[in-house]
Amino acid sequence: MSFDWKSYTPVIIPDIPNLHEIDVYTKNGGYDSLKEVLSDDWDPTKVVNEVKAANIRGRGGAGFNAGLKWSFMPKPDGGPRYLACNGDESEPGTFKDRKIFEYNPHLFIEGALIAAYAMQCSAIYVYIRGEYYSWIKMMEKALKDAYDKGFIGKNILGSGFDVEFHVTGGAGAYICGEETSMLESLEGKRGYPRVKPPFPAQKGLWGRPTTINNIETLSCVPLVIKNGADWFSGIGAETHPGPVLYGISGHVNRPGVYELPTGMPVLTLIEEVAGGMRNGKKLKGLIPGGSSTPILRGDALEGVNMDADSLREAGSMMGTAGMIVMDEDTDMVEMLWRISHFYHHESCGQCTPCREGTGWLEKILLKIRNGDGEIRDLELLIDLCSQMEGRTICALADAAAYY
Amino acid sequence: MPEIFIDGKRYEFEGKPKLLQFILDNGKEVPFFCYHPEMSAPANCRQCYVKVGTPVQNRETGEYELDENGERVIRWFPKMQTSCSMEMTDGMVVHTQESSEEVARAQKDTMELILINHPLDCPICDQAGECPLQIQTYKYGPEGSRFEVKKVHKPKRVELGPRVTLDAERCINCTRCVRFTEEISGTHQLTIASRGDKNYPITAPGMEFDDPYSLNTVDICPVGALTSTDFRFKARVWEMNQTPSIDITGGKGTNVDLWTRDNLVLRLTPRYNENVNTHWMPDEARMAYTKFNENRISRPSIKADGDNQIKTSWNNAIETFAEKLEAVKPTDVLVLGSAHASVEENYALMKTFSTWGVNVFHFSPDVKKGFGDDFLLTDDQAPNTAGVKALGFTETSTEDLKAAIKSAKVVVLLNDELVDRGVLDSEDLKKPYVISLATNETETSKSTDLVIPITCIAEHAASYVNVEGRIQRSLPAKETKYTHRKLDLEMSEGRLDRYGTNFDNWVNEDNKVDCTPTWELMNNLGKRLGLSVQFGTSREIMDEIASSNSSFEGVSYEKMDDENGIQLTGMNKEEVSV
């Protein structure tokens, strides 16, 4: 790729001091997109179409066109409708949304408000993982400021549009990042994923139409409104455009969150952006988008780009772009066991294949790790994974079985 | 009409039934654990997998697309579908385990996973023999297990509440119990605690599972995780006989099964009746079984000197009964029927005494105001209040009853614990000569001069009319000294009766009560008094009532059995409520 990543100017987390303060944010053009959307030139359908045209593919892992998702909401019937923002971010290897909470919370708030307007929602819920305690506090402060300025509440900016905005903290369960169990958790229940159909757009929070978006996805929305759909879809990979927050961790010299266009070559990201492999070791493997995406071999990354199509070809997924880089010293059995331990620990226990299967997987892997493995254990592992994959309510078991 | 093809066979359906229920309704089978027809389908056990496809329709014409053989083109769902949550659509094609190897394999896979952390302690588990997990494992499960590592350990012998004990290791997390407290009883007392393979149902910390319907969770538990604290370790299921009957502790007429072994009733469980109690029964009603076994009056007793009762012979009891009556005028005799006794018993009593010359018949209703709820508990504490009324007994207040007793010389009291439930004081029964026909030894029976034992609901076939005017009947479950399982055709035959040898069928003669049905007692009394009354079996008595009393028109045992009880015409809830 000839793209000069060094000349890229970040837009989601731009380099502006104290941007998390509302005055700094408004001074730098913040909430202008909201103002524009609420002006007479725009109506909800136009917003949906604009976002659809921008082709923002969901940054929470599934990579679904956000505008298209919004258009699935049924027509308003006078009852409440909700937007639920997923900031649970508990996927191992993923730590991008916290950057937004920390450095540019108002961009997300503005995006959520525009989305709520586009879908005519009456309330917005943002669900932030409980471990992000300080960011929950920051978000509460940011919302209070936005309320005070009249960006949230009744009759926003004199447009007649009302919306309420609530923050909820999680209690430390990975599964609450799954959209339907997040809804259960928001309702105050145990975080069990729901059986679909009905989908949240038909019956979501409290049985009402609900759309669930990732924090980063919503943060792209004000940029689309401000710069136009063409600008957005012109950035990065053609089928999976836009700026994206790469969370690079593992055995690299400069781990961190880097905002760059999609479609970056994986090797450029590792070698240049993240400063290369630690101690000059060789690359052994890469998990491209958080622990739920299948692992790629280090020697098969030539020409692989960080976008949905290229990664699918390589046999993995974009996920949350939380890249876990592993060098040649990594014990893959140990890694596998650790990840399976995670899924065992985090399985909600609602449905059988996942509840029992994740525990069994971990126990077999522990046996192998301890050096007591037998060849038939491998056959059993493969068999077990096929017994779990596609047989459960949510995708946790699928994710656990990809390894 | 919409159609569906299940295992190659065509069925028609109406509305939007769920696939699993439809399959079960049509006499086919798919294994399942978490689904219950009365509750929501969480689809969490993943056992009821089927393969489902829908026909491909032309978008414009709506016609089904056909392949080169003229068969409909089917678009199969990419994944196995849980039939419990699958809504049926027109033209759907379904393969169950019967016609698809793939489905059978998927079910086997789930079963293997369910079993890995299950303790497999069937030999010491109360549920064994009536355990959906055990039964379905034999039918659809894998042979042996590939699980060679350590099982998860969870709390055992947890007393969730006064009546229910939990063994969390046996739990397969179907959440039926949790959903029961959420959706049926509405107490929300149970929830699932912990996560993954460590989770199990429990109450909130420090709270008790004292739901008035808590024992229903034991019935619906598809494994032995929830057991009845009272019934635990008392009997194996296959040693017991199961006999349909009616609850006698309330006015609702909840349908129950009596479980007997060795002539003792060991437990009561609800019996499905969509018009009365569906699948449920209150905990209150389950303890009634002790009355069938304990403190039973066996052989008549008579007050010999002072207040001491001694056992006497049947001949002497009948003779004394008749002599006491012959010594007074019919107007001096007070005959009390009972809402706690069946229609047939009250009828036999009434007919005998009206033939002898008594005109007025009373009964004292047993109502506790505020006891009922809008589910299965009623203010009415007696099973047959409406039935006694329909026979023509007069509902009598406590004051009137006391006055009537005072002015009577002889009182005949059909099974009703008037002293125990606080209507009368034992002093009230001092003056007249009181003859009680009773099942159990109580303060009431102790206060009377002559006690004649009669059969209880567990020993006879008889009918009861509930608060909604529905007549339902019991079947005999226990033998008396004068009946025999093999000879009484109404009695159910258990596995041991059918297949056991004499050595299996250990019967303790002490558990047989020396008593007779009221109508047989009335036959003997009538004969001694020279009355022209003669009663046959309770079945014949009901036919007689049906032809002579318009309230019971059209009622017969056959019809009651066929229709699971009959709604009496001219009776509705408002009319008969007390």
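Q: What is the strand order of the open sheet of eight strands in chain B, and what kind of pairing does it have?
A: The order is S16-S15-S22-S21-S20-S17-S18-S19 in chain B, and the pairing is mixed. Strands here are DSSP runs of E with at least two residues, helices are runs of H or I with at least four residues, and both are numbered from the N terminus. This is a predicted model, in which local features need pLDDT of at least 70, side-chain atom pairs count only at pLDDT 80 or more, and totals for chains, interfaces and linings use all residues. Residues are numbered from 1 along each chain as its sequence is written, while chains are lettered from A and ligands numbered from 1 in the order in which they are written.

Q: Why do strands S16 and S19 of chain B stand at the edges?
A: Strand S16 (308–311) and strand S19 (394–395) of chain B each have a single partner strand, so one side of each is left without a neighbour in the sheet.

Q: Why are S15 and S22 of chain B said to pair?
A: Two strands pair if DSSP finds at least two bridges between them. Ile302(B) has Leu450(B) in S22(B) as its bridge partner. Helix H9 (residues 343–356) of chain B packs on this sheet, where it touches strands S17 (333–336), S18 (361–363) and S20 (410–414) of chain B. The direction of H9(B) makes about 155° with that of S20(B), an angle that runs from 0 to 180 degrees between N-to-C directions of lines fitted to C-alpha atoms, for helices over the stretch in contact.

Q: Why is helix H8 of chain A called mostly covered?
A: A residue is buried if 20 or more other C-beta atoms, placed from the backbone, lie within 10 Å of its own, exposed if 12 or fewer do, and partly exposed in between. By that criterion seven of the eight residues of helix H8 (residues 179–186) of chain A are buried, among them Met182(A), Leu183(A) and Leu186(A). The buried residues of H8(A) pack against strands S1 (82–87), S2 (123–128), S3 (164–169) and S4 (210–214) of chain A. Just after H8(A), Gly188(A) takes a positive phi of about 90°.

Q: Which residues does Ala84(A) contact, leaving aside its neighbours within four places in sequence?
A: Ala84(A) is in contact with Tyr125(A), Tyr127(A), Met182(A), Leu183(A), Leu186(A), Leu205(A), Thr210(A) and Ile212(A), where a contact requires C-beta atoms, placed from the backbone, to lie within 7 Å. In the largest nonpolar core, which has 261 residues, Ala84(A) and Tyr246(A) touch the most other members. Such a core is a set of buried Ala, Val, Leu, Ile, Met, Phe, Trp, Tyr and Cys residues joined through C-beta atoms within 7 Å. Helix H6 (residues 105–119) of chain A gives the most to this core, with 11 residues.

Q: Why does Asn227(A) count as partly exposed?
A: Asn227(A), which has its place in helix H9 (residues 215–227) of chain A, has 15 C-beta neighbours inside 10 Å and therefore counts as partly exposed. Its C-alpha atom is separated by 24 Å from that of Arg98(A), 129 residues apart along the chain.

Q: Why does Gly256(A) count as partly exposed?
A: Gly256(A), found in strand S6 (residues 256–261) of chain A, has 14 C-beta neighbours inside 10 Å and so counts as partly exposed. From C-alpha to C-alpha, Gly256(A) and Met323(A) are 10.0 Å apart in space and 67 residues apart in sequence.

Q: What makes both faces of strand S24 of chain B count as covered?
A: In strand S24 (residues 470–473) of chain B, Arg470(B) and Gln472(B) on one side and Ile471(B) and Arg473(B) on the other are all buried. Strand S23 (residues 463–465) of chain B is joined to S24(B) by three bridges and runs antiparallel to it, with Tyr464(B) bridging to Gln472(B). Two bridges also join S24(B) to strand S25 (residues 566–567) of chain B, again antiparallel, and there Arg470(B) stands opposite Gln567(B). The hairpin of S23(B) and S24(B) has four residues between the strands, and in it Gly469(B) takes a positive phi near 80°.

Technical notes:
Two residues are in contact if their C-beta atoms, placed from the backbone, lie within 7 Å.
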